[in-house]
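Here is a short tour to read with the model open beside you.

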Amino acid sequence: MDNRNDARDFLASRRAKITPEQAGLPTSGGNRRVPGLRRGEVATLAGVSVEYYTRLERGNLAGVSESVLEALARALHLDDAEHAHLFDLARAAGTSKRQRRSAPQNLRPSVQFALDAITDAPAFVRNARMDILAANRLGRALHSEMYVDPVRPANYARFIFLDEERARRFFPDWELAANNMVAILRTEAGRDPFDRGLSDLVGELSTRSDEFRTRWAAHNVRRHYSGFKHFHHPVVGELRLLFEAMELSADTGLSLFIYPAEPGSPSADALRLLASWAATQELAEQPQTAPASGGVQRLPGPTV
């Protein structure tokens, strides 16, 4: 991923979204040749020269002061996620552009112990590339559709865009899930544009999915710490869950996600059914005592 191109396209795309009316600028009527604001209008709002802003929109963010970045954020009406992304792009512009390998992310045993101690809600740990690195029993059961693909680790983005038919059944609002997924990956790319693993993932998805490629070009970003999730699980049906996310302070780049149901809700009942189903699948995967005929008995049912 090219930081200069990302910075250029991000600023241009945000400028195109702001109308003169939204910016509080007078309009003379007639047709405008550009969507949103002109470069000169952004420069005026940010208190910089047109020449200087033009340089910034060409992707030259190295060495830009925080005060100028703040002025740009105000002029372009950036939200919190976009504001942070602009600063990430400027920070990356001042670092070495040598691409690095993704650090191996082996979980500490205590993290898995903590996951397994959560028994009433799906819980899992993922990295910035949307790999599910570990999960508790309910977490594995919730994501059973992702584990159909034998490639490990299971990956949210690959599932949404490369197993689209299955993903559209699992996510009742697939468009929202797809938009959010790309915005999260774009945010991560701004934080660390030289992560080879993330670059490889984006390259693969861009090559194989028109849906991904179109959304990636929009340069939308999003923070993903809490909210609401809606799933349709093939075994228990509708699940409407809350979610909370927290970064693991001892493991850079890893986040813990917990998806609780509202107590007493139909989704809480569905999670209990999902837990029972998951326990059955684990039992089915264990070798059973051989009967007199010498065969091996296994309980029926799909495995996760």
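A residue is called buried under 20% relative accessible area, exposed over 50%, and partly exposed in between (1.4 Å probe, protein chains only). By that rule D9 is partly exposed, at 28% relative accessibility. This is a predicted model, in which local features need pLDDT of at least 70 and side-chain atom pairs count only at pLDDT 80 or more, while totals for chains, interfaces and linings use all residues. Residues are numbered from 1 along each chain as its sequence is written, and side-chain values use heavy atoms, with hydrogens and water left out.

**Backbone details**

Helices (H or I, at least four residues) and strands (E, at least two) are DSSP runs, numbered from the N terminus. In the loop between α8 (137–142) and α9 (156–162) you will find P153, which is joined to R152 by a cis peptide bond with omega of about 0°. H77 sits in the loop between α5 (66–75) and α6 (80–93) and is partly exposed at 43% relative accessibility. M130, in the loop between β1 (123–126) and β2 (132–135), is buried at 2%.

**A helix pair**

How do α1 and α4 pack? The axes of α1 (residues 3–17) and α4 (residues 50–57) lie 8 Å apart at an angle of about 120°. The axes are lines fitted to C-alpha atoms over the stretch in contact, and angles run from 0 to 180 degrees between N-to-C directions. The two helices are oblique to each other, a label for angles that are not under 35 degrees (roughly parallel), over 145 (roughly antiparallel) or 65 to 115 (roughly perpendicular). Residues R8, L11, A12 and R15 of α1 meet Y53, L56 and E57 of α4, where contact means heavy atoms within 4.5 Å.

**Salt bridges**

A salt bridge puts a side-chain nitrogen of Lys or Arg within 4 Å of a carboxyl oxygen of Asp or Glu.

| Pair | N to O distance |
|---|---|
| R8 and D9 | 2.9 Å |
| E282 and R140 | 3.4 Å |
| R208 and E204 | 3.0 Å |

E282 lies in helix α14 (residues 266–285) and R140 in helix α8, so their pair ties together parts that are 142 residues apart in sequence. R208 and E204 are 4 residues apart in helix α12 (residues 196–208), about one helical turn. Here R208 is exposed at 55%, whereas E204 is partly exposed at 23%. Finally, a network of salt bridges links E164, R168, E175, E211 and R215.
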